[in-house]
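Here is a short report for a reader new to this structure. Start with the view below, then read on.

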Amino acid sequence: MTSPLQRTLLKVIVLGDIAVGKTSLITRYVHKKFNQQYKATIGADFVTRELQIDGKLVSLQIWDTAGQERFQSLGPAFFRGADCCVLVYDVNVQKSFEALQTWRDEFIKQTDIPDPNKFPFVIIGNKIDQDAGASRVVKEKRAREWCESIKSGPLGTEIPYYETSAKEDVNVEDAFFNIAKAALSHDRSQELYFESITETGSLSEIVEQQSRGCPC
Ligand code: GDP
Ligand code: MG
């Protein structure tokens, strides 16, 4: 039996310096896997995972940078219709933390969002497992201070902050659940109606097929 389903499509953009673990976090969340070897992301522009928030069916479309972490090379389609921007840094690399401000500024510049202080951003400090914490250089307190100094979301509260390990699967599920919630708070009622998709029929498969249409 098919039944009409109503889903909310939310677009999430993940940004941050190269090798901080963006692709690993997304892979952990969507495919529940981790790959130790570094492999630059090529081609794939987004993946989706479906979840329920307060009884509402949400299709979370997560956009990864394709190995060229430079704004000039990310086309306008990358930013169009974003509902949440996730900024990732590596707690073991000071420079990647300092770059967060630039990533945020550039995102705002590219998207022309009317009120940046009301747009949902989420910060992730990744690789907390590395050397059992011995190589950590950015303290949680320092990161939280920065997040407190910047307003985010429709209520203009501080940027939500999560510390994760994509490798050890620490906090990844929780972080993305809250990312989805933040994105939902920005929802501009762009609801999609799928009339002939069964409960188990996968929107993500369709979306993934579409996204793979272009090998560029
Ligand atoms: P991206 O360039 O930001 O997409 O980074 P990747 O996801 O490709 O990860 C870069 C490298 O860091 C890879 O070798 C990963 O295996 C490793 N890595 C990613 N996340 C973690 C983590 O949570 N802990 C540790 N120890 N290594 C990680
Ligand atoms: Mg990557």
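## Terms and model

A contact means heavy atoms within 4.5 Å. Helices (H or I, at least four residues) and strands (E, at least two) are DSSP runs, numbered from the N terminus.

This is a predicted model, in which local features need pLDDT of at least 70, side-chain atom pairs count only at pLDDT 80 or more, and totals for chains, interfaces and linings use all residues. Residues are numbered from 1 along each chain as its sequence is written, chains are lettered from A and ligands numbered from 1 in the order in which they are written, and side-chain values use heavy atoms, with hydrogens and water left out.

## Overall build

The protein has six helices and nine strands. Of its 216 residues, 48% are buried (under 20% relative accessible area; exposed is over 50%, partly exposed in between; 1.4 Å probe, protein chains only). Among contacts with a separation of 6 or more, 76% join residues 24 or more positions apart.

The protein exposes about 11200 Å². Carbon and sulfur atoms supply 51% of that area. Accessible areas come from the Shrake-Rupley method with a 1.4 Å probe; for residues, only the protein chains shown count as cover.

## Around ligand 1

Ligand 1 is surrounded by 20 residues (a heavy atom within 4 Å). The closest are Ala19, Lys22, Ser24, Asp129 and Ala166. Helix α1 (residues 22–31) gives the most to this shell, with three residues.

Polar contacts (pairs of N or O atoms within 3.5 Å) can be picked out here. A polar side-chain atom of Ser24 sits 2.6 Å from an oxygen atom of ligand 1. For Asn126, a polar side-chain atom is 3.2 Å from a nitrogen atom of the ligand. Lys167 uses a backbone N or O atom, 3.2 Å from an oxygen atom of ligand 1. The protein covers 92% of the 580 Å² of accessible area that ligand 1 has on its own.

## Helix α4

Which residues of helix α4 (residues 140–148) are buried? They are Ala143, Trp146 and Cys147. These three lie on the same side of α4, because they cover an arc of only 100° around the axis (taken from the directions from the helix axis to the C-beta atoms). An α-helix has 3.6 residues a turn, so residues three or four places apart point the same way.

The buried residues of α4 pack against β4 (84–90), α3 (94–111), β5 (121–126), β7 (157–158) and β8 (161–163).

Asp169 is in the loop between β8 and α5 (172–185). Its phi is near 60°, a positive value in a residue other than glycine. Asp169 is partly exposed, at 44% relative accessibility.

Asn171 is in the loop between β8 and α5. Its phi is positive, about 70°, although Asn171 is not a glycine. Asn171 is partly exposed, with a relative accessible area of 32%.

Note on methods:
Polar contact = N/O pair within 3.5 Å; in protein donor to acceptor, adjacent residues only side chain to side chain.
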